[in-house]
Amino acid sequence: MRAAGATLACGLWAVVAAVAADAPLPEVSAALDRIKSASTVELITTGRKTGKEHRKPVWFVVDHDAIVVQAGKDGKTDWYRNLQKTPAAVVRQDGYSFRVRAVMVTDPQRVAAVHELFTAKYTSAWLLSFLGSRIGRGRPVELAPVAVSVKQ
């Protein structure tokens with residue numbers, strides 16, 4: 001009986017640890033809440049060929065405790081290709097520096113939801129969509145924050 005109890009306790013601890021690992025740290029959530037109304041973030045990737053730092057300002061939305069960005073040109077942007085090779089990156093905005101891990105969004109329903117978030121946030125993307133523009137309808141990437149620091 002003791003062995004079964006110990007096994008159950010270990011199993012429960014593993015579930016609690018897994019859930020805790022998925023939940024963002026409170027300071028990350030607070031920082032995301034503070035930057036979400038900004039227009040752009042600075043995305044810092046590692047060059048896939050050079051290994052050097054590559055900086056690019058990009059539009060973003062905050063959704064489900066992640067920073068979501070989109071690549072135009074059907075994903076043929078340097079920063080998108082850099083993230084495909086090295087998904088670890090840094091996002092900076094208003095004194096906050098987030099260490100993030102990139103996940104390319106491929107699920108068609110999630111892609112459509114991200115496009116709606118962008119056209120809701122960026123009026124110019126919404127207006128240009130009526131003229132057939134693809135602005136706000138790029139290839140989405142979720143940047144999951146691992147940690148955040150604040151520049152004092």
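Predicted model: local features only at pLDDT ≥ 70, side-chain atom pairs only at ≥ 80, totals over all residues.
Biologist: Which residues touch the most other members of the largest nonpolar core?

Modeller: W79, F98 and L143 do, in a core of 28 residues.

Biologist: And which helices and strands supply at least two residues of this core?

Modeller: Helices α2 (26-35), α3 (78-85) and α4 (108-121) do, along with strands β1 (40-46), β4 (66-71), β5 (88-93), β6 (96-104) and β7 (139-150). In soluble globular proteins, nonpolar side chains tend to be buried together.

Biologist: What is F98 in contact with, leaving aside its neighbours within four places in sequence?

Modeller: Quite a list: V28, A31, L32, I35, I67, A89, V90, V91, P145, A147 and V148.

Biologist: Which way does β3 run against β4, parallel or antiparallel?

Modeller: Antiparallel, with three bridges joining β3 (residues 61-63) to β4. The two strands form a hairpin with two residues between them, and H64 in the turn has a positive phi of about 50°.

Biologist: How many bridges are there between β4 and β7?

Modeller: Five, and that pairing is antiparallel too. I67 has L143 as its bridge partner in β7, and I67 is also the bridge partner of V62.

Biologist: Switching topic: how many salt bridges does the structure hold?

Modeller: Eight. One of them joins the side chains of D63 and R110 at 2.8 Å, N to O. D63 lies in strand β3 and R110 in helix α4, so this pair ties together parts that are 47 residues apart in sequence.

Biologist: Are D63 and R110 buried or exposed?

Modeller: Both D63 and R110 are buried.

Biologist: What does R139 meet in a salt bridge?

Modeller: The side chain of D74, at 3.1 Å, N to O. R139 is in strand β7 and D74 in the loop between β4 and α3, 65 residues apart. R139 counts as partly exposed at 36% relative accessibility, and D74 counts as partly exposed at 49%.

Biologist: Which residues do salt bridges that share partners join into one network?

Modeller: E42, E53 and R55. R55 is in strand β2 (residues 53-59) and E42 in strand β1, 13 residues apart.

Note on methods. Residues numbered from 1 in each chain as written. Heavy atoms only, no water. Core = buried A, V, L, I, M, F, W, Y, C linked by side-chain atoms within 4.5 Å. Buried < 20%, exposed > 50% of the residue type's maximum accessible area, 1.4 Å probe, protein only. Helix = DSSP H or I, 4+ residues; strand = E, 2+ residues; numbered from the N terminus. Contact = heavy atoms within 4.5 Å. Pairing = 2+ DSSP bridges. Salt bridge = Lys/Arg side-chain N within 4 Å of Asp/Glu carboxyl O.
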